Amino acid sequence: MADSPEVLQGYLEKAELVARKASEIVDEALSKGERRDASIKGINTSDLVTETDLAVEKFVFEELRNYYPDHKFIGEESVSSGGGSCTLTDTPTWIIDPIDGTSNFVHGFPFSVISIGLAVNKELVVGVAYNFFQRQMYTARKGGGAFLNGKRISVSNVTELNKSIVITDYGSTRQDFEFIPKVEMMKALAGDPGHVHGIRTLGSAVASLCMVASGRAEAYFEYGVHCWDIAAGAVIVREAGGIAIYPTGSELDIMGRGILVAANVELAKSIVPILKHIDYPRD
Ligand code: LIP
């Protein structure tokens with residue numbers, strides 16, 4: 001019963017409501033000009049956190065906990081501060097990135113997303129991603145299709161890599177072991193052998209996934225991402241007709257620190273051999 005369409009639809013509607021309410025916290029911070037008050041939370045200046053990230057995560061946790069006291073929660077800021085668990089069990093688990101694209105938020109670059117995913121029995125079943133700059137609400141639940149502001153979306157029908165836009169990113173840690181292969185992968189896609197129409201970096205994994213889901217880019221891949229960067233967006237891509245796998249071509253492992261999504265199998269098959277595996281510790 002836990003997976004019935006009605007139950008999943010109920011989860012989706014609550015998550016959407018909570019994301020909309022949480023965006024009021026962001027709007028207030030933006031109106032007060034607070035977005036630039038960022039602290040460095042990681043090993044370098046590109047890994048940022050703001051008071052707004054923390055306030056949104058707290059709000060989303062509290063609201064969803066009121067509805068679902070028995071569910072579990074994984075949130076970027078709770079885990080990063082050492083105060084939260086990052087373990088996926090069979091219990092329904094909400095996986096939250098309060099602001100995916102924090103550096104974009106700080107700069108006003110309009111790709112920042114409140115991201116709420118849900119896994120049941122370790123399977124991703126609900127995704128809500130709200131780009132508060134662009135007022136774009138992406139929603140999906142397993143078996144129910146994907147929507148942008150209530151309108152059905154679907155992936156691109158391009159199957160050739162050299163007619164595609166591919167999104168990827170540098171990530172925020174940028175140590176040599178990861179940075180060098182990431183740049184090499186971009187080179188191989190933009191030049192020989194890929195010759196794609198374009199490589200894009202948006203600074204938000206969730207926004208990138210939504211671009212593929214809505215057919216505005218053909219594929220996105222990234223190593224180094226965490227479960228909260230990809231949980232909601234993976235559901236949205238799949239429900240829009242795309243595929244979400246691990247960059248080596250195997251099944252997506254949500255805790256495995258990597259993702260490849262593509263509009264179709266043909267594109268995924270062209271991209272996988274060009275990618276280089278980067279080994280990160282699991283979430
Ligand atoms: C960011 C991602 C971005 C990725 C960064 C970082 P944050 O999330 O979405 O695309 O490249 O490593 O994880 O930290 O802004 O929530």
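Is threonine 50 buried or exposed? Hi everyone, let me start with that one. This is a predicted model, and in it threonine 50 has a relative accessibility of 2%, so this residue counts as buried.

Where does threonine 50 sit? Its place is in strand β2, which covers residues 48-50. Its side chain makes a polar contact of 2.6 Å with the side chain of aspartate 53. Leaving aside residues up to four places away in sequence, threonine 50 touches Arg35, Asp37, Ala38, Thr102, Phe105 and Val106.

Now, on to the rings. How many aromatic pairs does a search of the whole structure find? The count is 11. I'd like to walk you through two of them.

Take tyrosine 11 and tyrosine 68. Their ring centres are 5.2 Å apart and their planes stand at 80°, so this pair is edge-to-face, given that angles over 60 degrees fall in that class. What does the pair tie together? Tyrosine 11 belongs to helix α1, residues 5-31, while tyrosine 68 is in the loop between α2 (51-67) and β3 (72-75), so the pair connects parts that are 57 residues apart in sequence. Both partners are tucked away: tyrosine 11 is buried with a relative accessible area of 10%, and tyrosine 68 counts as buried at 14% relative accessibility.

Tyrosine 68 has another ring partner, tryptophan 94. Here the centres are 5.7 Å apart and the planes are at 25°, so the pair is stacked, the limit being under 30 degrees. How buried is tryptophan 94? Its relative accessible area is 0%, so tryptophan 94 is buried.

Putting those rings together, Tyr11, Tyr67, Tyr68 and Trp94 form one aromatic cluster.

Key
Residues are numbered from 1 along each chain as its sequence is written. This is a predicted model: local features need pLDDT of at least 70, side-chain atom pairs count only at pLDDT 80 or more; totals for chains, interfaces and linings use all residues. Side-chain values use heavy atoms; hydrogens and water are left out. Rings of Phe, Tyr and Trp (its six-membered ring) pair if their centres lie within 6.5 Å; planes under 30 degrees apart count as stacked, over 60 as edge-to-face and the rest as tilted. Helices (H or I, at least four residues) and strands (E, at least two) are DSSP runs, numbered from the N terminus. Buried means under 20% relative accessible area, exposed over 50%, partly exposed in between (1.4 Å probe, protein chains only). A polar contact is a pair of N or O atoms within 3.5 Å; within protein, one must be able to donate a hydrogen and the other to accept it, and residues adjacent in sequence count only if both atoms are side-chain atoms. Contact means heavy atoms within 4.5 Å.
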